[in-house]
Protein chains: 2
Amino acid sequence: MPAERPTIADVAQRAGVSKGLVSFALNDKPGVSPQTRDRILEAARDLGWQPSLRARALSVNRAFALGLVISRDPEIITGDPFYPSFIAGVERELAPAGQALVLSVVPDEEAELAAYRKLVADRRVDGVFITDLRHDDARIELARELNVPAVTLGHPETPSPFPAVSMDDRAGIEAAVDHLVGLGHRHIAHVAGPARMLHGSRRRRAFEDAMARAGLPAGLVVETEFRAADGAHATRDLLSRPDGPTAIVFANDPMAIAGLGYAQRSGLRVPDQLSVTGFDGSDVGEHIFPALSTVATDAVSWGAVAARVLLRSIAGEEPGDTDLPPARFVPRESTAPPTDPTGTPTRTGR
Amino acid sequence: MPAERPTIADVAQRAGVSKGLVSFALNDKPGVSPQTRDRILEAARDLGWQPSLRARALSVNRAFALGLVISRDPEIITGDPFYPSFIAGVERELAPAGQALVLSVVPDEEAELAAYRKLVADRRVDGVFITDLRHDDARIELARELNVPAVTLGHPETPSPFPAVSMDDRAGIEAAVDHLVGLGHRHIAHVAGPARMLHGSRRRRAFEDAMARAGLPAGLVVETEFRAADGAHATRDLLSRPDGPTAIVFANDPMAIAGLGYAQRSGLRVPDQLSVTGFDGSDVGEHIFPALSTVATDAVSWGAVAARVLLRSIAGEEPGDTDLPPARFVPRESTAPPTDPTGTPTRTGR
């Protein structure tokens, strides 16, 4: 075990005074004679005593830390580029501000609520991020109850006293659909994230609205989780239907990459026989063949802005809501005009 | 701003006693009369007072938290499946133990040392993980200097007082080479991670040793970073050489997926004209086409075991080194016998 760091008691012993006097002297409070103060400061220097953030945290009732609780299957976190980028953005703000990030990864929503309660009860954090918003999200009420400052990623459905930092993901999905319709696709499917998550159902509604605007039916929707394997299964399901799609809009990149792989494995040429789009702009999607057309969200900026807003809330400001630039569609190689079953493009001038 | 939580001073005021007496009563110390103790406990209950982990942390000089500092380009973190899985494993141990994870993501090695110093100086953590070991790794000496318990992932080259939790990645690389040699490959290249990282140079040495055992030259090595884009560039470089390889062993999955994509984009059939293997077993690699043959490392278990070892060190035990089951090669679809330039397999019986 390492040697203990010097404590106030050690300084008191060395200076031959009480612990209380040391505390007064080190905190620069009145009531200590100049000679005694000098003797105490010298003893502190000799021993290499350093002020403890913990002691300061206790005296000002602050943890100087923010809490992030992620409730997802480890398998989803592993494949999903969102959280690593978001965290990188958060950290960019915290380090210069002398703040730390306390991270909890929990398996389900029950454990998630317990994790927030515990972070606050243990006074480990001064504020929390609320991500992956759900319908009737219990965390809004919980954070209010716990009296902890919070920031939500996106606007919750329930009234919320907390600032929201939002990125319109509808625009990206709509642009993806418009792009496919422009290429001549009429049978376009959507592989959606779980409907209990707001972004899952919002992306689905954006898909349905864009299809309606184009005068097309939006019945080809498969709802699933966000795992790569789910993307492959959904693609199998869609391609086995008699009214199978010529294009699929996926709600994230890992599902899209797996759907693309499934189609290729089944002998389809992508994009000629099936066009595919993703969401969230993973690094790997850019390098597969064909490169994945996707909706790019700047998760690093999202993390940085959310951290700044939360720090301002903790400082007693009322930062209000922030709208980040909307997610934008990035066409690459996985989208092209549809071909008829003989392989002839139905449109020219790609 | 939220209402302040009740403090010992609030309890003291409500019970009409001194703060010292409240502290004695709440900490169950002797010297408080039963009647006074009851009155204090009732006041605490009425106010909803809860014991503060911070106060307890201060009194026992513990943070009840572990520190993880990751020094990598955000772009690498985003694509790399290792850290999200490792963190999921760490969290699995911490939550039941009432411990938290404090995470720092820093851009370079200088910021990394500063981050460790600050975590310890601020007494935010009781112990630290040391990951991505490098040659002459300054963190071993720093952690010793800071008197902070630590655990290293793998064995450092310099003498270390800290327990190591290791997973032999040599075995996986050697199995990948043996598999390719068994399929008939003679021109096998390696795309290595940075040589300054121990696992980068160790995987390279494992490649060279396995090639030497097979009586083959191991000169086709490109050293690069761990980004997907680097995998694509290295593949372009290798394929443009007159003695270009028929198979490439990549040091991680994102590079391998990008290399595979680059080869396909260049018109090569994978695996018939180029075999490819990865490392770290990402979820996405299983779903691309052809599915990536790779070396599976169980990063979740690695995280869990490292957390347990670190908690034991903090508790004053001397846990010693742990060797996890070695990484194993998982053949999928991206490896096959090599073909000659006319496309005829040089071996049968695939």
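**Note on a helix pair and a sheet in chain A**

1. In α1(A), Asp10(A), Val11(A), Arg14(A) and Ala15(A) meet Arg39(A), Ile40(A), Ala43(A), Ala44(A), Asp46(A) and Leu47(A) of α3(A); contact means heavy atoms within 4.5 Å. Helices (H or I, at least four residues) and strands (E, at least two) are DSSP runs, numbered from the N terminus. The residues of this contact are six nonpolar, no polar and four charged (Ala, Val, Leu, Ile, Met, Phe, Trp, Tyr, Cys and Pro count as nonpolar, Asp, Glu, Lys and Arg as charged, the others, Gly among them, as polar).

2. This is a predicted model: local features need pLDDT of at least 70, side-chain atom pairs count only at pLDDT 80 or more, and totals for chains, interfaces and linings use all residues. Residues are numbered from 1 along each chain as its sequence is written, chains are lettered from A and ligands numbered from 1 in the order in which they are written, and side-chain values use heavy atoms, without hydrogens and water.

3. The axes of α1 (residues 8–15) and α3 (residues 34–47) of chain A come within 9 Å and cross at roughly 120°. Axes are lines fitted to C-alpha atoms, for helices over the stretch in contact, and angles run from 0 to 180 degrees between N-to-C directions.

4. Chain A also has an open sheet of four strands in the order β7-β6-β8-β9, with parallel pairing (two strands pair if DSSP finds at least two bridges between them). β7 (221–223) and β9 (275–277) of chain A stand at the edges, each with a single partner strand, so one side of each lacks a neighbour in the sheet.

5. Four bridges join β6 (residues 188–192) to β8 (residues 247–250) in chain A. Val191(A) has Phe250(A) in β8(A) as its bridge partner.
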